[in-house]
Amino acid sequence: MGDVNLKSNFSEVVTRIEKACRSCGRSPQEVTLVAISKTKPKEAIEAVRALGHLHFGENKVQELVPKMEHFSGDEEIVWHMVGGLQTNKIKYLTDEVDWIDSVPKLKALKEINKRAETSGRVISVLIQVNISDEDQKFGCEPDDLPALIKAGEDMPNVVIKGLMGIASLEDDLEKVRPQFTKLRELLEQEKAKGYKRAQLEHLSMGMTNDLEVAIEEGATMVRVGSAIFGSR
Ligand SMILES: *Cc1c(COP(=O)(O)O)cnc(C)c1O
């Protein structure tokens, strides 16, 4: 943690979110901040949790699992897996994770459903969509999205709550805006189909660099790491 002032960092991020919401006529209540604590010690999470914050996320299974175990007595804390998912590691998550925000394909969705059933739980998931066209590894292609959501309709131990996307890293933020717009349009398009089980309400988009643009384009969850916990 060094001299990183978590309390003031955190309140600056909250202020950024509030300002961005105000600038586009949205309520800050509509936007959940997910604090991304990857590579940071559990003490840093404790400090932010002590401010009353609930949502935390990690991008690696081997880092998320021990952190969830450390906080297992905390019934209110909400854990998100936000990183690349290897199917064979999903089983380590499903006892405790609340949200899996980075589901890219049917195989992963099926495995989450199967393992969540064993754990007697229902896990909230977001489908990660490739919106940057940069790296095909991250997220499903927009064309494959409808089939994935449809498959989820027959999986009682997952509820698809929306979409997640990672924009390309740009100096000019106007270059990321169309990527966020695309994700919002995809969500609206799928929502209009009136799925029975899927609850397509969430758009997880926006990080330290681009959270304002993401909020302007409809983000309901922003995933912020370095602005809170310091650089990695
Ligand atoms: C690290 C990470 C973030 C947070 O990134 P910052 O730029 O540090 O805010 C958000 N989402 C995912 C998937 C990440 O891996």
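Visitor: How much space lies in the largest pocket?
Guide: This is a predicted model: local features need pLDDT of at least 70, side-chain atom pairs count only at pLDDT 80 or more, and totals for chains, interfaces and linings use all residues. A pocket is an open set of points on a 1 Å grid over the protein atoms alone, where a 1.4 Å probe fits, with protein on both sides within 12 Å along at least five of seven lines. Volume is the space filled by probe spheres set on the points. For the largest pocket that gives about 540 Å³.

Visitor: Which residues lie nearest the centre of the largest pocket?
Guide: Lining residues have an atom within 4 Å of a point. The lining counts 25 residues. Nearest the centre are K38, I166, M207, R223 and R232.

Visitor: How many salt bridges does the structure hold?
Guide: A salt bridge is a side-chain nitrogen of Lys or Arg within 4 Å of a carboxyl oxygen of Asp or Glu. Side-chain values use heavy atoms, with hydrogens and water left out, and residues are numbered from 1 along each chain. The total is 15.

Visitor: Is E111, which forms a salt bridge with R115, buried or exposed?
Guide: E111 and R115 lie four residues apart in helix α4 (residues 106–118). Their closest N and O atoms are 2.8 Å apart. Buried means under 20% relative accessible area, exposed over 50%, partly exposed in between (1.4 Å probe, protein chains only). E111 has 13% relative accessibility, so E111 is buried.

Visitor: Which residues are joined with R177 and E174 into one network?
Guide: R177 and E174 meet in a salt bridge at 2.7 Å, N to O. Salt bridges that share partners extend the network to R184, E188, E216 and E217.

Note on methods:
Helix = DSSP H or I, 4+ residues; strand = E, 2+ residues; numbered from the N terminus.
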